[in-house]
Amino acid sequence: MILSLLIRMRRLFTRHLHRRIVVQRKLRRLLIERLDPRLAFTAEGQAFAFNQVFETSGLGGTISGNVLWGDGTSSPAIVGASAATGPLSIRFDYSLDANNFFASPERRNTLQLAANSIISKFSDQLTAIRPTGTDQWTAKFSNPSTGAQETRTNLNIAANEILIYVGARTLNAGELGRGEKGGFSASSTSQAFIDTVKARGQTGAISSPATDFGPWGGTITFSLGANWHFGATTDGLDLSEFDFASAASHELMHSLGFGLSNSWNAKVVGGFTGANSVAVSGRSPVPLFDGSHWQTGLTIDGRLVAMSADTINGFRRLPTRLDLAGMQDIGWQLITPQVQASGSHIFGDNGTYPTALVLNGSVFGSLSYPISVNITNVSPVLAGQTNRSAMEGLPLSLPKVGQFTDPGFGASLATPPRAETFTYTIDWGDNNPLSTGNATIESLGSPGVSTRGFFDGTHTYALMGSYTVTMTVTDDDGGTSRQQFGVQVGPPPSLVLSIDRLSINEDAGDNAATLTVRRIGFDNAVATTILLTSSDTSEVQLPASATIPAGQTSITVPVKAIDDSLLDGTVPVTLSASAGTVASNSVNVDVLDREKILLSLNVASIGENAGAGAAILTVSRANTDIGQSILVQLSSSDTTEAKLPSQVTIPAGSMSLSVGVDAVDDALFDGSQLVSLVANSTGYLSASISITVTDFQPLSLVLQSNALVEEDPNLNHTQAELSIRAPAPATGLTLQLTSNQPNQLVMPASVFIPAGAQSVQFPIMAVDDFAPQGIRNVSIFASGNGVIATSVVITISDNDPAYWTNPINPLDVNNNRVPDPLDVLIIINEINFHGSRALNPNTDRGLPFVDTNADGNIGPLDVLRIINELNQI
């Protein structure tokens, strides 16, 4: 059968189809009317839900859905399992595709997807064709690439398999494809085999008149020159292209008997009289175009049928319910293509929303079902208020007096956007004009969460009395809510101040005193803001304002004293407060002057022997008004240690004056003393500063002889005297003695000067070490707590011969005229036997020349000198 592009018919239906073509290009999906449209009514903020069965003709694979709610949002639909797929399959044979039309895997894939989406909807059981022995048959069909007749002998066709040869060639102008059923011849001794070739087990196909169709297969030829869109989806399909999937579906249904089978022809009587088609279309008979196609322009469920003779470029047409009903009427057992789908959504505003359910096949096709949704308005809910009190002539301020909720939250993503707005009115009950305005949305709601808003109210009652206040909030759709509360207006209020002290020091800082503000006659249910004032902010400062919280009658605020650095005496300051037109009483506080004298020293300590001017004391005044001179009295806490003038005058125009502090040497052994220096002046705070006077106690060390000879018993010792300038304290004085060469002298480690004494004597003796050392100087040091250390140098002479050092070559131990390893061995043996030591003429006179460094000792250094010499030879 030939699928023709009928230009004449396109002209007839151009106006009818133009809108659908534009929608297809914009949305890239096929939009159809819903099977069971309804108008659902739900209130804003409540869940709207649908759950029903939707027809899925034209979709292939697993069905999924998405709901476009019409308010700019979307969500996945809950889609039940699709109807079970049938057992049939289409096997395409590309062996005759001589023009390589199907060389591209994309084309083969789209062809197979289109075939699967159709054949899976039928549950027929087709018997296999298995030629063997006398069971012989020949398949006859047109070559899709040449048009010539082809035969294939004894093809094996599997059960439930239909074989379609495909290819492409140049067709007639306007012709996009040809779908043909296959012919055959058969011979067999078994009528059952011949019937299988004829009807594949479908007995109605061989009855008269025929009621079924059971083909072995057929051919489909596509136009080689058409501008095709081969995509599995409509992405990229434009008006210059023909949709290959649409043409393939159309021609395949012809190959499966639509318009070509005996069972079709048996129902063509002035149109098509198949019961299923008549029931779906609602017309009897269903109008035909040429005996094998539906009438051009025929629609079902708002969709153009796929099996009409016309085609539209830039548009995809897949099988509709009517097309599948036609297949059912020629004998195919249809599995009703439908799914159960549901979804729910909360709309944020009232109105009618063009909701659409979009169903998509995982491998093929897309359908859209519109659902008209009408959302009704819900009025806001205004919260109640407690009764209030107010004062005559004073503003009654009620923040958030009106608080309300509303389940609506607008539709900001809708086109155009929709917003929730609210207005309010307050009738204060005293015949004055109403308060009106736009309410404030405090938090915009969301699904399941109400929008929250409020409005404030302020009013002044001119007369005392009882009043009923009526509040009304109205949403943008006219929904209202109303609440009332009472206001009792009493006499004018007052403020009372009190302070916890009558005077403060100017240097008392941030919390010098506490001021209490008490309200009388105010509405204690609301907070009151109090303005605070000081008559002299250079002396006293208060917070600019303070708030008495709701439920309280008073509040305390800190009084801050300001140190103005002026010598201004006592200054009286007046404190006051107000709240609106209500003024408080006044309270007075005296600010006491607290200017300071400042003292500083150039040093922290002085020695008692430092004399006059040992330190410099600077006397300063802290105030900045220095137009007058001031007399400052000075004193020392211990004049036996430090003295200073009894008074000084800081001249007018000067901030400070410096005087000398004299150190007093009391000649006592009394250690360091801490002395306080004090300054006083009329109108100023007294000041003091401390200085340390350190004791001066030098040591004196005198020797009877400063030269000793270590070998001479008459000259190897002397007497030393260590003295201090003041008598030792009651506990006496212990002094330490040390030497820089302790092995050269013998003397006590310490000496003791008794209480009241001023000196002590002790002996010193040179050590005879038998080592030839010549003349050397040895230092002796004396020190102790509370004294100044001293030292003295003593000279020691040495006449010891070098008994154990070779006078010719100190490295020649055995005196064989040359240093050698034997010299090393001699020293090492002696050290191993008797150890390293100082050599003694009384016990070691018989040793060879083992003292190679002439220090009077035997040890590793003597060995090392020889080894170093041997290493250099």
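Buried here means under 20% relative accessible area. The model shown in these views is predicted.

**View 1. Helix H10 and its packing partners.** Helix H10 covers residues 860–872. Its 13 residues reach 19 Å from the first C-alpha to the last, close to the 18 Å expected at 1.5 Å a residue. Which residues of H10 are buried? They are Asp862, Val863 and Ile866. Seen down the axis of H10, the buried residues fall within an arc of 100°, so they line one face of the helix. That set packs against helix H8 (821–834) and strand S60 (857–858). The face turned away from the buried side carries Pro860, Leu861, Asn871 and Gln872, which are exposed.

**View 2. An open sheet of five strands.** The strand order is S42-S49-S48-S44-S46, and the pairing is mixed. Strands S42 (605–607) and S46 (647–650) stand at the edges. Each has a single partner strand, so one side of each is left without a neighbour in the sheet. On average, neighbouring strands of this sheet are turned by 30° against each other, direction ignored. Inside the sheet, S48 (residues 673–680) and S49 (residues 687–694) run antiparallel and are joined by seven bridges. Val678 has Ser688 of S49 as its bridge partner.

**View 3. Val787 in its loop.** Val787 sits in the loop between strand S57 (776–783) and strand S58 (790–797). Is Val787 buried or exposed? Its relative accessibility is 14%, so Val787 counts as buried. Beyond its neighbours within four places in sequence, Val787 is in contact with Phe669, Gln697, Leu699, Leu733 and Leu735. Leu735 lies 52 residues from Val787 in sequence, with 9.0 Å between their C-alpha atoms.

**View 4. The largest nonpolar core.** This core has 51 residues. Which of them touch the most other members? Phe222, Trp228 and Trp294 do. Elements giving two or more residues to the core include strands S8 (89–93), S11 (161–169) and S14 (217–223). Helices H2 (105–119), H4 (244–255) and H7 (321–329) also give two or more. Another core, of 30 residues, lies apart from the largest one. Phe522, Leu542, Val587 and Val589 are among its members. In soluble globular proteins, nonpolar side chains tend to be buried together.

**View 5. Two cis peptide bonds.** One joins Ser208 and Pro209, with omega about -5°. Pro209 is in the loop between helix H3 (191–199) and S14. Another cis bond runs from Ser284 to Pro285, with omega near -5°. Pro285 is in the loop between helix H6 (275–281) and strand S17 (299–300).

View 6. Most residues other than glycine have a negative phi, and most peptide bonds are trans. Phi of Lys400 is near 50°, a positive value. Lys400 belongs to strand S24 (residues 395–406). At 30% relative accessibility, Lys400 counts as partly exposed. Phi of Asn431 is also positive, near 65°. Where is Asn431 found? Asn431 is in the loop between strand S25 (422–427) and strand S26 (435–438). Its relative accessibility is 81%, so Asn431 counts as exposed.

Notes
Residues numbered from 1 in each chain as written. Predicted model: local features only at pLDDT ≥ 70, side-chain atom pairs only at ≥ 80, totals over all residues. Heavy atoms only, no water. Helix = DSSP H or I, 4+ residues; strand = E, 2+ residues; numbered from the N terminus. Expected span 1.5 Å × (residues − 1). Buried < 20%, exposed > 50% of the residue type's maximum accessible area, 1.4 Å probe, protein only. Arc of directions from axis to C-beta. Contact = heavy atoms within 4.5 Å. Pairing = 2+ DSSP bridges. Axes fitted to C-alpha atoms, helices over the stretch in contact; angles between N-to-C directions. Core = buried A, V, L, I, M, F, W, Y, C linked by side-chain atoms within 4.5 Å.
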